[in-house]
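Try each one yourself before you read the solution.

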Amino acid sequence: MKIATAVRCLASSLVVALAATAGLAQAQKTELNVYTALETDQLKAYTEAFSKAYPNIDIKWTRDSTGVITSKLLAEKANPVADMVVGVSASSMAVFANEGMLQPYAPKGLDKLSSQYRDPANPPMWVGMDVYGAAICFNTVEAAKLGLPKPQTWQDLTKPIYKGRITMPNPASSGTGYLDVTGWMLMMGEAKAWQYMDALHANVAQYTHSGSKPCRQAGAGEFPIGISFEYRAVTTKKSGAPIDIIFPTEGLGWDLEASGIMKTTKKADAAKSVMDWLATPAAMELFAKNFAVVAIPGIAKPLEFVPADYEKRLVKNDFAWSAKNRDKIIAEWLKRYDAKSEPK
Amino acid sequence: MSTAAASLPPAATAARVVPKVHWQERLAQGLLLLCCVLLAVFLLGPLAAILVKSVQDKDGAFVGLLQFREYFATPALQRSIWNTLWVATTVTAITVPLAFFYAYALTRSRMPGKIVFRMIALTPILAPSLMSAISFIQWFGTQGLLKGLLGGASVYGPIGIIMSSIYATFPHALMIVLTALLLSDGRLYEAAESLRTPTWRKFFTITLPGAKYGLVSAAMVVFSYTVSDFGIPKVIGGNFNILAVDIFKQVIGQQNFNKGAVVSLVLLVPVLVAFLVDWRMQGRLHAQFTARAVPYVPKRKRWFDTTMFAYCTIVALLLLLVLGMAVYTSFIKLWPYDKSFSLRHYQYGLIDAGVISSFFNSLKMAFFTAVFGTMFIFASAYLLEKTRAMPLTKGAVRLLASIPMAVPGMVLGLGYILFFNHPDNPLHFLYHTMAILVLATVVHYYTSSHLTAVTALKALDNEFEAVSASLKVPFYKTFFRVTVPVCLPAILDIGRYLFVNAMVTISAVVFLYSPSTQLAAVAILNMDEAGEIGAAAAMATLIVASSTVVCIVYALVTRFLLTRTQQWRVSGLA
């Protein structure tokens with residue numbers, strides 16, 4: 001009897017003690033719900049570095065592709081779960097800002113960032129981390145088998161020899177696809193860009209539903225030429241696929257990985273700390289390991305497989321214009337290419 | 001979820017006070033009504049939230065049918081509808097006979113290796129549908145070994161979709177047809193044999209009519225599955241537009257929930273047609289497995305058994321080839337350029353921090369789905385089939401049970417966000433929990449499980465209930481003493497079906513998981529997206545392996561139960 005009581009006493013005091021410790025630990029640590037489209041291996045490195053700088057903030061990541069994360073945030077609009085968004089495309093951030101989902105914040109050291117890599121509003125709704133732009137993946141092994149010369153420019157892709165050899169993302173399914181289309185429009189002008197896409201369409205074997213897939217297909221030898229983006233091109237090449245990466249000289253469409261704070265968050269202070277950290281040179285150095293251009297000039301080092309003048313090839317972007325004309329451009333694109341894009 | 005079953009015992013004590021038959025009948029009716037309400041909350045609620053979107057513009061203002069008009073003005077739509085219908089019809093026309101003869105061989109012949117054949121036939125549902133499409137690309141794509149078989153046609157497009165869909169729907173159809181064939185009255189065959197009826201004639205006059213209901217159900221399931229699955233056409237469909245991909249384009253590509261809702265509505269039309277067919281069949285169906293029935297015991301016939309064995313071997317080999325390619329991909333360095341053996345995908349997959357926890361999350365989720373889902377689905381099917389009166393409630397439950405198959409997972413998942421994350425919803429606390437993942441998965445896979453339960457229950461004569469009632473045995477006693485034991489094979493099948501599907505489900509849960517409930521199949525989707533085909537294949541292999549282990553353990557544990565309750569049918573199962 002006595003022993004049992006003693007044991008019970010001990011057990012209950014233990015439980016109380018444990019609960020107290022847990023409560024204390026929780027009081028010190030702020031948990032942040034962060035939605036992201038960053039790659040998992042990038043996340044790991046960024047989280048480790050961030051935890052060292054801010055040990056009191058515990059980030060809980062919800063990671064998915066840009067399309068899914070954007071849809072999820074919009075669907076949750078009535079009652080947001082996320083405290084902030086990190087590493088989602090600037091085009092999506094522009095949509096969130098339009099929907100009134102973000103709160104403006106100027107992180108410390110904002111003035112060091114290039115003005116084109118942040119929201120022009122002051123204070124900005126969102127701030128960029130790094131740039132990802134269009135790139136062509138070209139499978140050298142399959143090209144040799146088929147006798148295809150290596151294309152150097154966007155115009156080259158319209159040559160009849162590439163008929164049925166090219167894949168690109170469908171702008172109606174993929175943000176990367178839309179970035180390609182707007183990129184061409186910004187560098188060629190709208191009318192010329194449609195002419196160009198008409199000619200390109202004759203050579204396109206497939207419009208894919210994701211921006212990564214064309215490069216993957218090129219890497220696996222399914223279709224030798226894939227219009228994709230730089231980061232995926234570099235990772236595919238590093239995985240051992242026999243591809244060359246081409247950055248057409250006429251210009252490259254691009255987007256940013258950007259971050260912002262949700263208007264509804266109850267943990268704005270912690271979220272602001274994350275924003276501050278993301279804008280530090282230390283964080284930028286981490287981004288520079290994956291991307292050739294980061295938001296603070298002078299930090300990025302030349303990356304393997306990416307030309308030194310990469311940043312100069314980027315077209316002059318206009319996110320507001322892209323967002324405003326999205327429905328119109330996609331409708332026209334679908335009318336021209338989707339209805340008749342069945343296999344012959 | 002388990003309310004229906006859990007509330008039975010207290011009712012048992014209360015039943016003594018009130019006149020028995022009356023009270024029990026009301027209890028059963030009340031429970032059926034409860035099932036109906038639960039289905040309405042967890043299926044209709046989210047769907048309604050989506051449908052409201054279809055008559056709103058992006059800012060939430062009411063615009064009537066404007067979204068529909070805009071959408072129907074798109075030239076691509078008619079083509080999408082036509083493509084969807086003819087592809088789904090082709091898949092149904094091939095899969096159902098394929099599955100039927102497989103089931104026929106398993107139940108009407110004495111060929112060896114039945115257990116192995118049965119297990120192989122179920123392998124397609126052990127891996128995500130995405131994986132089968134990738135595997136077909138590797139067999140038939142530009143670098144594929146069997147490319148020549150297509151005679152120059154591209155695998156990207158209808159050919160690829162049809163092949164992958166047949167593969168993916170085969171076990172679904174097989175399960176339903178098998179249940180229908182297992183529960184047949186041996187006396188009919190005995191009578192036919194004593195009259196020297198030839199085999200072909202028995203087939204057309206006894207077997208086929210007896211399996212009619214199962215065949216129609218199987219066709220409905222295959223058709224609806226093909227219509228609503230977007231994983232396969234997204235990967236292998238090329239530029240071939242079908243409705244499910246249109247939804248993907250609207251919802252994920254352009255974040256246009258309103259247009260996505262419109263397409264979802266269009267997609268619901270075929271299932272309503274399928275429901276009407278099902279409804280009409282109801283009236284004509286009579287139970288074949290009467291209280292006096294004896295199970296059919298196939299006799300040894302060399303020619304017949306050999307033919308059936310050969311047929312099953314071919315089908316099983318084809319199924320294994322698809323799975324085998326995925327397993328092979330997980331063990332080589334880089335498809336198709338470096339085919340040397342490597343374990344790096346497993347190391348990568350295992351070392352990657354998130355993956356192991358997501359794998360255990362998946363196991364947990366699948367377990368809860370199997371346990372609670374089976375309980376609810378079978379109990380509600382029982383109440384539906386064996387309760388008297390309440391035609392309106394019954395019709396509602398039937399309709400509700402057949403809707404999920406036509407609702408693309410993505411639409412269901414979005415509906416769950418819009419409905420359960422609404423600030424005014426009292427069930428809001430469910431959001432971002434394991435429970436909501438389980439609920440969404442049970443609802444997502446409801447139709448097929450429900451049809452299996454109904455097919456098994458239909459074959460049971462209502463006389464059992466009538467006799468019990470006249471002996472003043474309460475219905476729940478009949479349920480636990482007769483119905484459950486007799487239907488045990490079907491119940492176990494439902495449990496296993498829910499488990500393996502919960503392991504691989506992606507589209508419904510991709511919107512619903514939270515940082516602490518990440519799932520393995522979602523990890524596969526992300527790895528595939530990132531181009532890590534090898535790692536994705538490795539994870540899929542892991543899922544297939546663990547699901548297989550669970551199936552085997554499950555089979556062993558329940559074997560004892562089976563031999564105790566199914567001795568009268570043992571030959572049919574072996």
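**Exercise 1: a serine in a loop**

In this predicted model, the side chain of B:Ser342 has a polar atom 2.9 Å from the backbone nitrogen of B:Arg344. Work out where B:Ser342 sits in the chain, whether it is buried or exposed, and which residues it touches beyond its sequence neighbours.

*Solution.* 
1. Start with the place in the chain: B:Ser342 belongs to the loop that links strand 2 (338–341) to helix 16 (344–351).
2. Now check the accessibility. Buried means under 20%. B:Ser342 has a relative accessibility of 8%, so it counts as buried.
3. Finally, skip the neighbours within four places in sequence: what's left in contact with B:Ser342 is B:Ser330, B:Phe331, B:Ile332 and B:Lys333.

**Exercise 2: the whole chain**

Find out how many helices and strands chain B has, and how its radius of gyration sits against the globule rule.

*Solution.* 
1. Count the elements: chain B has 27 helices and two strands.
2. For the extents, the C-alpha trace of chain B spans about 65 × 65 × 45 Å along its principal axes.
3. Look at burial too: 61% of the 574 residues in chain B are buried.

**Exercise 3: charges**

Tally the positive and negative side chains of chain B.

*Solution.* 
1. Chain B carries 43 positive side chains and 22 negative ones.
2. The centres of these two sets are 10 Å apart.

Note on methods: Residues numbered from 1 in each chain as written. Chains lettered and ligands numbered in written order. Predicted model: local features only at pLDDT ≥ 70, side-chain atom pairs only at ≥ 80, totals over all residues. Heavy atoms only, no water. Helix = DSSP H or I, 4+ residues; strand = E, 2+ residues; numbered from the N terminus. Rg over C-alpha atoms; globule rule 2.2 N^0.38 Å. Buried < 20%, exposed > 50% of the residue type's maximum accessible area, 1.4 Å probe, protein only. Lys, Arg positive; Asp, Glu negative; His and termini not counted. Charge placed at Lys NZ, Arg CZ, Asp CG, Glu CD. Polar contact = N/O pair within 3.5 Å; in protein donor to acceptor, adjacent residues only side chain to side chain. Contact = heavy atoms within 4.5 Å.
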